[in-house]
Amino acid sequence: MSTATEPTAVAAPRAGRRAWFALAVLMLPVLLVSVDNTVLNFALPAISSALTPTGTQLLWIVDIYPLVLAGLLVSMGSLGDRIGRRRLLLIGSIGFGVVSVAAAFAPSAELLIAARAALGFFGAMLMPSTLSLLRNIFLDRDQRRFAIAVWASGFAAGSALGPIVGGIILEHFAWGAVFLLAVPVLLPLVVLAPFLIPESKDPNPGRIDVPSILLILLTMTPLVFSIKHLAEAGFDVLTVVSMVVGVVSGVLFIRRQLRLEHPLLDLSLFRRASFSGAVVINLLSVTALVGGLFFVSQHLQLVLGLQPLDAGLVLLPGLIVMIIAGLVIVPISKRVRPGIVVPIALVVSAVGYASIAITGGDVSALGIGLAFVALGLGIGSAETVSNELVIASAPPEKAGAASGVSETAYELGAVLGTATLGTVLTASYRSSVVLPDGLTAAQQQAAGETLGGAANVAQQLPGDLAGALMDSARHAFDSGVGVAAWIGVGLIVAAMLVAAIGLRRVR
């Protein structure tokens, strides 16, 4: 770095007390949106019992929220750059709260899927605004690094907090109560944000390009659908068509951005190793984390027989470690290069995932708790460093779009975590479960779809028949857990390689 740039960095004004109060307020939507990524995992058995969804519908109830969220994050980040990031944050907060109430009382699986899609739409307004506002509130690099560490720890911890919150709520209330949580969380934000958070926007914004927004959706939705369909039905015409539509739309989106004077996404950001490497690390690590939470939450409840609250408490030590790791890594990252500190952190996560994979899914609650501690330690550290690199690499006026890219990686990782590991798990279950004689056609269909369906059917059967069904269902489920865990190990190893190679020259 030239000496001419040093005084600018040193002279950056340090934020005062009001900025830290603003950070506290901004953490409310961060926690809420990330909790919503995983809170339904612990509510899946209750939803299966109340709404009787098919296996595919059950996956879409989980998937549709992060899918819509991921498809719109870049668009909403750019919209915030244009109309004001605080304004977009308030619009999204009000909409998210209203739709959450509707989702809580959804009478069918189809309407719950629709409500989750609407939550994804308004949730996409929240996340880019929070991270980009931090870029403009904290101008001092050291303060901003710590603020982003709090943000990243909150986001990662929120994903882990979801099952715990879900366990506590489901211990006392019906499944719809997990959605009502949004109202008391967002109300303080709507009241305090106009007083504590300064408005910021791009001083020279371009127009909103609707075709680019549509091309992002046409890229991501078919690609994720093709992954889900491949695991469920195999490699057929629909799988190929979906993949082709997604890839072609992605190519058209890139070509359009390169031609536009004011692109929706400035692709020049990806020429920076610190930016592109950090985005890929986020994508892979979140895919592994959320995919693991999908099967761990069901294993704890339906295989080991724990109550929702007890199952959530198994993951509590990992949650605490994830938060602490995200904060402790800040002073370390000032002295150790990202190309060294991130791979070392991810090695710990890979070991934790491998401990589940080696057992073939036959793992105790203690084993899951220890594995989740290792997973949280590595991913919590890596995501703090990678998110700071994303924001530091982007110019302030493009903070919203850069934040949108970073959070798109998060949400796409959440989608792919459930779509890949979840569908592999479902496909393995369907091929391995052996249904005992004496079941009706409806019972055979329900029990053959998911472990939750088998548990519901078992409640309707006499003792011996119910025991035989659940023994077979649990064995079939755990055989899929072993396969899914090895995929998780591979994802984390891939993230380690990206960090070691892509960030080796980044200081």
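Reader: Is Trp 20 buried, partly exposed or exposed?

Author: Buried means under 20% relative accessible area, exposed over 50%, and partly exposed in between (1.4 Å probe, protein chains only). Trp 20 has a relative accessible area of 30% and is therefore partly exposed, whereas Phe 138, at 0%, is buried. This is a predicted model, in which local features need pLDDT of at least 70 and side-chain atom pairs count only at pLDDT 80 or more, while totals for chains, interfaces and linings use all residues. Residues are numbered from 1 along each chain as its sequence is written, and side-chain values use heavy atoms, without hydrogens and water.

Reader: How many aromatic pairs does a search of the whole structure find?

Author: A pair of aromatic rings is described by the distance of the centres and the angle of the planes. Rings of Phe, Tyr and Trp (its six-membered ring) pair if their centres lie within 6.5 Å; planes under 30 degrees apart count as stacked, over 60 as edge-to-face and the rest as tilted. The search finds five pairs. Among them, Trp 20 and Phe 138 are tilted, at 4.6 Å centre to centre and 50° between the planes. Trp 20, Phe 138 and Phe 146 form one aromatic cluster.

Reader: Which residues of helix α17 are buried?

Author: Helices are DSSP runs (H or I, at least four residues), numbered from the N terminus. In α17 (residues 441-449), Gln 443, Ala 447 and Gly 448 are buried. The face turned away from that buried side carries the exposed residues Ala 441, Ala 442 and Gln 445.

Technical notes:
Helices (H or I, at least four residues) and strands (E, at least two) are DSSP runs, numbered from the N terminus.
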